[in-house]
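Me: Could you help me learn to read a place where two chains meet? I would like the general idea, then the case here.

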Amino acid sequence: MAERKQIQMFLVTCLVLLTLAGGTLFGGGSAESDEEPTIRFAVAMDPARLKLYEAAVEEFNASDRGFTVVLENTPWSEYWQKLQTQTASGTMPDVWNYVPGFGQEWLENGLLLPIDQYVEASDMDLADFIPGMLDFMRYEGNLYGLPYDMSGHILFFNKELFDQAGLDYPTEEWTFADVRAAAETIVSEVESVEGERVYGFGNYMNSSWSSAGYYKSFGGDFVTPDLEVEIDSQGSIDALQYFVDLRNDGLAPPPTEAGIGDTAGGQFITWLTGRSAMILDGPWAIPTYVDTVEFDFDVVPVPAGPAQRAPSLLGGTFVIDKDTDYPQEAFEFLAFITSESQLETIVAESGAGIPGRQSAFDKMTPLMEKAANYIMQTNQAFYPVRGSFAIFDKQNSEFELIFNGEKSVEEGLTAVAAFARNVVRENYGE
Amino acid sequence: MAARTRLTPYVFLIPSAIFFLAFTFWPILQGLALTTFEWNLFKSPEFVGFKNWNALIERGDFGHSLWVTGKIVLLAVPSIVVLGIAVAVMVDRVGRGKIFYRSVFFAPVIASPVAMSFVMRAMFREESGVINFFLGFFSIPNVEWLASSTGAVSAVVMFFVWQATGNSMLIFLAGLQGIPTALYESANIDGARPSQTFFRITLPMLSPATFFVLIIQTVNSLQIFAHIYTLTRGGPGYATTAMVPLIHQTAFVQYNMGLAATYSVVLFVLILIVTLLQWHNQRRWVFYG
């Protein structure tokens, strides 16, 4: 009898606990209906830039617009996976950080809110935004986002190594042939820096969005607007072979010290320690290099290849989730965070990059403004496709094998091209 | 009365059973079902029958990842067992500072693999890494740790073993404490050498702990991910793309959830088979006293 009562008590306790747990899990959301609307704003910023966005959000919330913005930051390395999970679970943020190519699936699968009607109803001047970046956000006649910055590669060079080698500095007319000639002279003339060997060139072309520009410079391409995969074309092979030859001829450091496999801005150790004369990197790295390196450096445009000068243009934009509960409020915040004053503060004055609005250019540091003008003059938008992410990843693996000498350039790029054709076929049909 | 007594333990298991069914068993069933669907997260899942299972057979990356995983397991598990026993015996025999040494060897277990990977990357660098620096004292040329297939697998295994040994050490230490001292006294009286004592008394008496460590570390190494993802990202090339990194890549880079689920099911079956084999074989060498 006593035992039966014990069992009954235990069962009742379990049922009560389960009910309470269920209420917490499933009933928690319904109490917010009377509260102020909240816009979730997702970014993937490093700590230095995050502080600027926090200040911007605080400023916006203090202006009492009838809704609140909540900032959510995720490290870049986990950002896209988190977005995928949020997409699957229907918990996407209202406004979020979008990068062309990486976010193509969201754009082409109709998961972003077209903002044309909101732009027309506002007094926004679209002509102030970087045209190439706006083009990235147009799809099937609609506009889906606004840029906050623009970037691309430029050629950084170590003035001191050039001086030691008795060479003139690189110019805006330089070609990749000039780069190689200079690298050879520097390696032969400059024995070492603090006892460590010197390299003429500090990194290789990397495998992400910037690869398209290098392929084009040598007459190849990544994926054309006609969805033709050109990764295994002769021009693309020549482009990659150029960098492999730099490595094989001792003009560039080993792969792990050249940031191979890392996205742009990886660990270019020989550059950071003053042992490489030149690297290809983006303006996002300028503040770090200004603070970190102990040598004098400058920048010029990416050199021209045999076919053309065509480094890739890219940048960051902000977009609105199609299913946001508060589209008007989301656009209001989008307009605020991409306004001239905010981009001047967050991007230009801080040296974080090149602002997405031309009116904010004059607040940049002189070096950043120089880089911005070069990129505006020379860089071309690459053609992002659905599956770009997967193709970049495959390309990255093959680049590692190529630069480690385990595969030839032709073998590696053939493998990437076959993979890319499969991806394009799966995403766009035959 | 007897029936009630038999039912009582099952009744107490109900809350755990509910959680297990809801958060473990049901997702496993969903994963199994997902193997027959094509789903890229952006559109609704589409039923494709056995297409993913055919792809598993046709694509070369699954077999390659199985091979990489096998290499890691065969290198890591024996190393963890041997090092775990060696460190446990040393810590057990040290006179003073036992707690200090236990803490030192256990510290890597609680360190974050992500944080430690930054340190490891710097240590494994070819030209400026500290490991090659010390190898240089023995006139060993620079090893391309992270830039060569063999080097990268070795680096991943070393990283994994370094983090896992502390845990094993604790288990073996507990096992050592449980060995009756009378056995060692008898051996001493009989004139046994230290090596005989170790191989004839210590090791057999540690066999239950060894069995436990073997099972746990085999399962852990079959599922290795964080160490690879943070140190080599599965490279160079595909040299360290083990099963779980492949599943991750298939799901979150290639957006192919159905195929990733298929790989996961195969990994689950593989772990189950290996574990059952280990359980079956334990009768031959595990001594429970």
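Me: How much area is buried between chain A and chain B?
Reply: Think of the surface that two parts lose on being put together. In this predicted model, about 3300 Å² is buried between chain A and chain B, and carbon and sulfur atoms give 54% of that area.

Me: How many residues of each chain are in contact?
Reply: Chain A brings 38 residues, and they are in contact with 36 residues of chain B.

Me: How many salt bridges does the rule find across the interface?
Reply: Here you look for a Lys or Arg nitrogen within 4 Å of an Asp or Glu carboxyl oxygen. Across the interface of chain A and chain B, the rule finds 1 salt bridge. The side chains of B:Glu144 and A:Arg247 meet in a salt bridge, at 3.9 Å from N to O.

Me: Which helix gives the most to the side of chain A that touches chain B?
Reply: That is α16(A), with 8 residues. By class, this side of chain A has 16 nonpolar, 10 polar and 12 charged residues.

Me: Let's take one residue of that helix. Is A:Glu398 buried or exposed?
Reply: A:Glu398 sits in helix α16, residues 388-403 of chain A. Buried means under 20% relative accessible area. A:Glu398 has a value of 1%, so it is buried.

Me: What does A:Glu398 touch, leaving out residues up to four places away in sequence?
Reply: In chain A, it touches A:Lys407, A:Gly412, A:Ala415 and A:Val416, and from chain B it touches B:Tyr238.

Key:
Residues numbered from 1 in each chain as written. Chains lettered and ligands numbered in written order. Predicted model: local features only at pLDDT ≥ 70, side-chain atom pairs only at ≥ 80, totals over all residues. Heavy atoms only, no water. Helix = DSSP H or I, 4+ residues; strand = E, 2+ residues; numbered from the N terminus. Buried < 20%, exposed > 50% of the residue type's maximum accessible area, 1.4 Å probe, protein only. Contact = heavy atoms within 4.5 Å. Buried area = accessible area lost by both parts, 1.4 Å probe. Nonpolar A, V, L, I, M, F, W, Y, C, P; charged D, E, K, R; others polar.
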